[in-house]
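Welcome to this short tour. Please keep your viewer open, and select each stop as we come to it.

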Amino acid sequence: MIDFLTRVHLHYGRDSFNYYIRFGVPKYRDEYTGREAYEYYSAGAVFGYIRWETNEYGTESWRFFVLRGGDPSTTLYNIPGITPGAAILLDVPGRTRVHRLFTVIDHIERVEIDLADVADWYWIQTNARINAALDPLPYTPDQHRSWLLEREVRA
């Protein structure tokens, strides 16, 4: 059976744009230049993808996605830089919202939880709360252990 992969375009343009991975473990990486690469994620792999852009007027565009690589049986959404697409667990636009999300991510990392293993429901709930201008709920080690057990039982 052929492994279905999700390709992520990573690109850095000095002082104008930066598309990069915040977390997740790729199956492999193709490095083209010092500023451009592609990473490939297996079906089911969760990763954080950031798109930051500015222009000559100083306008900034921030967007943070938490995505899950899909396969032909999964509903995939078109996302710039992602081929053929991915399942969206979290989509947070705007500088202020993205910075609020960074504090959530920093907290999860402080309790030494791998962000790619965080429960899908937590990303979906955090997406809704941040986009509704509510504070995200904390993700605890107990919740994480429960999620890992649930995921193991489902497999």
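Predicted model: local features only at pLDDT ≥ 70, side-chain atom pairs only at ≥ 80, totals over all residues.

Start by selecting A133: its relative accessibility is 62%, so A133 counts as exposed (exposed means over 50% relative accessible area, buried under 20%, and partly exposed in between, with a 1.4 Å probe and protein chains only). A133 sits in the loop between α2 and α3 (141-154).

Residues are numbered from 1 along each chain as its sequence is written, and side-chain values use heavy atoms, with hydrogens and water left out.

Next, select E112, in the loop between α1 (95-110) and α2 (120-131). E112 is not a glycine, yet its phi is positive, at about 60 degrees. Its relative accessible area is 74%, so E112 is exposed. For background, most residues other than glycine have a negative phi, and most peptide bonds are trans.

Now go to the bond between T83 and P84. This peptide bond is cis, with omega about 0 degrees. P84 belongs to strand β8 (residues 82-93).

Then pick H9, in strand β1 (residues 5-13). Is H9 buried or exposed? With 17% relative accessibility, H9 counts as buried. Show its surroundings: leaving aside neighbours within four places in sequence, H9 is in contact (heavy atoms within 4.5 Å) with Y19, E36, A37, Y38, Y49 and G81.

Finally, zoom out and colour by secondary structure. The protein has three helices and eight strands; helices (H or I, at least four residues) and strands (E, at least two) are DSSP runs, numbered from the N terminus. The order from the N terminus is β-β-β-β-β-β-β-β-α-α-α. The radius of gyration is 16 Å, close to the 15 Å from the globule rule for 155 residues, so the protein is as compact as a globular protein of that length. That radius is taken over C-alpha atoms, and the rule is 2.2 Å times the number of residues to the power 0.38.

Of the 155 residues, 38% are buried. Among contacts between residues at least 6 apart in sequence, 58% join residues at least 24 apart.
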